Amino acid sequence: MRDGPPDILHAPMSRAGPTIVVIGGGFSGTAVATHLLRRGSPAHIVLVNRYGPIGRGVAYGTRIEAHVLNVPAGGMSAIADDPDHFVRWARTHDDTIRSDTFVSRRLYGEYLEGVLREAEHHAPRAARLERLVGVARDVEVWTDGARAEVVFAGARLTADHVVLALGNYSPTNPAAVGGEFYDTDRYIRDPWVRGSLDVIREGESVLMLGSGLTMMDIALDLASRGVRLPLFAVSRHGLLPRAHLPGKTPYSADAWPPGLDQPPNTIARTFRLVRAHAASRAGSGGDWREVVGALRVATPALWERLDATERARFVRHVRPWWDVHRHRAAPATANAIQKMLASGDLSVRAARILGYRSVASEVEVTIRPRGASAAGRVHVDRVINCTGPSSDVRRVGDPLLESLLARRLIRPDPLGLGLETAADGALLDAGSQPSRVLSLVGPLLKAGFWEATAVPELRQHAARLAERLLP
């Protein structure tokens, strides 16, 4: 940490209010900046994005219309106290959109850009927004802990508060024999990187690692590109995300599983109660989605009361089944995937990747089907990692996180889910002390809240943090 301000190559625009640097220009960063502007207080807000338009990030940068949101429009407002904000905006572009419509991610990216512009337009002159394209490589906190400097290549920016609004990181490469294959052009680590799928030529065969929502989107994209069918997908359990019901899932006050808020706080008991109640509701004409919906609001409290051992049990044994029921596919996406499965254009297997070997112009992938003792082999032209984002900050390879780890300014959680924070979003250092200047919003909050990856939760985190920074 530094004793005082260094030579500043990039100085604050004004000291009429605090300088708040928000690192990350995807949904989380845009939501934080928007809520800060809407506070109406004097401030210099610097929104830092690595590249591309502010607001889109990885999730909403796609231009493919078949890539739709996995949440109905009614749940996608970026404004915490105005849940219908997105639906009203969307209807100005297409008056057929309703609260239960699953709109394209492209349109939602346009919405986020518009939300920020609107907040900037209506903010008082003393609330200034500066957009900065660049890569933050370090944060140096002053010795007194009151301020910090964000370090870029050849520039520094002094800040009163620094918000890490980091989005999703590229998937982790699965451990396998022949891991040098991951360095070849036949392997695509992150299909959401713009242009990454353009290397795939018509008629080539493809194996996708993972069978979740990313796999569904990529399978539909590849099918439209004329690749060789069938497409193959493997994951350890071979589970596919369930589908949302067409229309809005009705809310029922009795969807909460009886006895769930009582001890003992174990994963085995919790999910025994959840499964029994879901089955009971389904048997009486209800729907299991009502139970999952009832749990959503209380998930952070349920997660908090689990000790480290029970959290580890959940991640190891329950998470795959929870994820496919909680993170559901849009009806149109699910129907398209079911048609591909029925026609044989897509094959999903429960298996583990054991290794890779280059054979002529292809790659031979050795897999072991779940429950089998013998391994099998698949020959394909390309392998695409669709396992979903990595959240283990010790392995994602972000120079900023590596610097903060080296300075002991952040504390990874033991399960590799993200970063540990205080209840108000202040980042904890290696000694578990909350920072006065560093805060976190985004999917890495999953470590402390579990339910911290979707818009309805992230907008609340953004609003609460904005209120704390600009009371």
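## A seven-stranded sheet

Two strands pair if DSSP finds at least two bridges between them. In this predicted model, 7 strands come together in an open sheet with mixed pairing, in the order β8-β14-β9-β10-β11-β12-β13. The edge positions belong to β8 (187-188) and β13 (376-380); each has a single partner strand, so one side of each is left without a neighbour in the sheet.

Helix α4 (residues 213-225) packs on this sheet, where it touches β9 (206-209), β10 (231-235), β11 and β14 (382-385). The direction of α4 makes about 165 degrees with that of β9. Within the sheet, strand β11 (residues 346-359) pairs with strand β12 (residues 362-369) in the antiparallel sense, over 8 bridges.

## Strand β7 and its two partners

Now let's turn to strand β7. Parallel to β7 runs strand β1 (residues 19-23), joined to it by 4 bridges. Here Val-22 has Val-163 of β7 as its bridge partner. Strand β16 (residues 434-440) also runs parallel to β7, with 3 bridges between them, and Leu-440 in β16 stands opposite Leu-164.

In a regular strand the side chains alternate between the two faces of the sheet. In β7 (residues 161-164), His-161 and Val-163 point one way, while Val-162 and Leu-164 point the other way. Are these residues buried or exposed? All of them are buried.

## Helices α6 and α7

Two packed helices are described by the angle between their axes and the distance between the axes. For helix α6 (residues 288-304) and helix α7 (residues 308-326), the axes come within 12 Å and cross at roughly 150 degrees. Angles over 145 degrees count as roughly antiparallel, so that is how α6 lies relative to α7. Their crossing is left-handed.

Which residues make the contact? From α6 come Trp-288, Val-292, Leu-295, Arg-296, Trp-303 and Glu-304, and from α7 come Arg-311, Phe-314, Val-315, Trp-322, His-325 and Arg-326. Sorted by class, this contact has 7 nonpolar, 1 polar and 4 charged residues.

## A closer look at Leu-37

Leu-37 sits in helix α1 (residues 27-38). Its relative accessible area is 1%; buried means under 20%, so Leu-37 counts as buried.

What surrounds Leu-37, leaving aside its neighbours within four places in sequence? Leu-37 is in contact with Ile-45, Leu-116, Ala-119, Glu-120, Ala-123, Ala-127 and Leu-129. Leu-470 is 433 residues away from Leu-37 in sequence, yet their C-alpha atoms are 9.6 Å apart in space.

Note on methods
Residues numbered from 1 in each chain as written. Predicted model: local features only at pLDDT ≥ 70, side-chain atom pairs only at ≥ 80, totals over all residues. Heavy atoms only, no water. Axes fitted to C-alpha atoms, helices over the stretch in contact; angles between N-to-C directions. Helix = DSSP H or I, 4+ residues; strand = E, 2+ residues; numbered from the N terminus. Parallel < 35°, antiparallel > 145°, perpendicular 65-115°, else oblique. Left-handed = near helix turned anticlockwise from the far one by under 90°. Contact = heavy atoms within 4.5 Å. Nonpolar A, V, L, I, M, F, W, Y, C, P; charged D, E, K, R; others polar. Buried < 20%, exposed > 50% of the residue type's maximum accessible area, 1.4 Å probe, protein only.
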